[in-house]
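User: I would like to learn how to read the charged and nonpolar features of a protein model. Could we work through one case together?

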Amino acid sequence: MTDAKVFDELWQVICERAASESSEKSYVRHLLFHEKGIDKSLEKVGEEAVEFILAAKNGVSDKTVGEAADLIFHMMVALKAADVDFELVEEELAVRRAGMHLHD
């Protein structure tokens, strides 16, 4: 099992790219500051969700893993675009996980 800190590190990079005023080209900045606004990052979430579903449905495990990673990444960028801290999602998952133990 890998270290769950990868999500925290990824979130930090997304936040750093969002805050950067560098002229350096960044895919995250492209999504966050697109002329379509939040719609651009939300479109990417939808696109990646469909690609993940098709890969999983077709039983292509390596493609499913890649598409799952793409979906999670784009969902995190969309959260940033919506000004929702990823930590809140982590906290919600922790609450739900704790609640699951109550029913075991």
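**Salt bridges and their setting**

Analyst: Let us begin with a network of salt bridges that links Lys44, Glu47 and Glu48. Please keep in mind that the model is predicted.

User: What is the general idea behind such pairing of side chains?

Analyst: Side chains that carry opposite charges can pair when their charged atoms come close. In this structure, Glu48 and Lys44 form such a salt bridge, with an N to O distance of 3.6 Å.

User: How many residues apart are Glu48 and Lys44 in helix 3?

Analyst: They are 4 residues apart in helix 3, which spans residues 38-57, so about one helical turn separates them.

User: Are Glu48 and Lys44 buried or exposed?

Analyst: The cut-off for buried is under 20% relative accessible area. Glu48 has 4% relative accessibility and therefore counts as buried; Lys44, at 14%, is buried as well.

User: Which residue forms a salt bridge with Glu67?

Analyst: Lys63 does, and the closest N and O atoms of this pair are 3.0 Å apart. Glu67 and Lys63 lie 4 residues apart in helix 4 (residues 61-81), so about one helical turn separates these two. Glu67 is buried at 6% relative accessibility, whereas Lys63 is partly exposed at 45%.

User: Which residue pairs with Lys36 in a salt bridge?

Analyst: The partner of Lys36 is Glu43, with 3.2 Å between the closest N and O atoms. Lys36 is partly exposed at 42% relative accessibility, and Glu43 is partly exposed at 39%. Over the whole structure, a search finds 5 salt bridges.

User: How many positive and negative side chains does the chain have?

Analyst: There are 12 positive and 22 negative side chains, and the centres of the two sets lie 5 Å apart.

User: Which residues form a nonpolar patch on the surface?

Analyst: Val6, Phe7 and Ile72 form it, with about 220 Å² of accessible area together. Of these residues, Val6 belongs to helix 1 (residues 5-19) and is partly exposed, with a relative accessible area of 44%.

User: What is the overall architecture of the chain?

Analyst: The chain contains 5 helices and 0 strands. Its C-alpha atoms fill a box of roughly 50 × 35 × 25 Å along the principal axes. Of the 104 residues, 22% are buried. Among contacts between residues at least 6 apart in sequence, 55% join residues at least 24 apart.

Notes. Residues numbered from 1 in each chain as written. Predicted model: local features only at pLDDT ≥ 70, side-chain atom pairs only at ≥ 80, totals over all residues. Heavy atoms only, no water. Patch = residues over 30% accessible without salt bridge, like charges linked within 9 Å, V, L, I, M, F, W, Y side chains within 5 Å. Areas by Shrake-Rupley, 256 points an atom, 1.4 Å probe, with all protein chains shown as cover. Salt bridge = Lys/Arg side-chain N within 4 Å of Asp/Glu carboxyl O. Buried < 20%, exposed > 50% of the residue type's maximum accessible area, 1.4 Å probe, protein only. Contact = heavy atoms within 4.5 Å. Lys, Arg positive; Asp, Glu negative; His and termini not counted. Charge placed at Lys NZ, Arg CZ, Asp CG, Glu CD.
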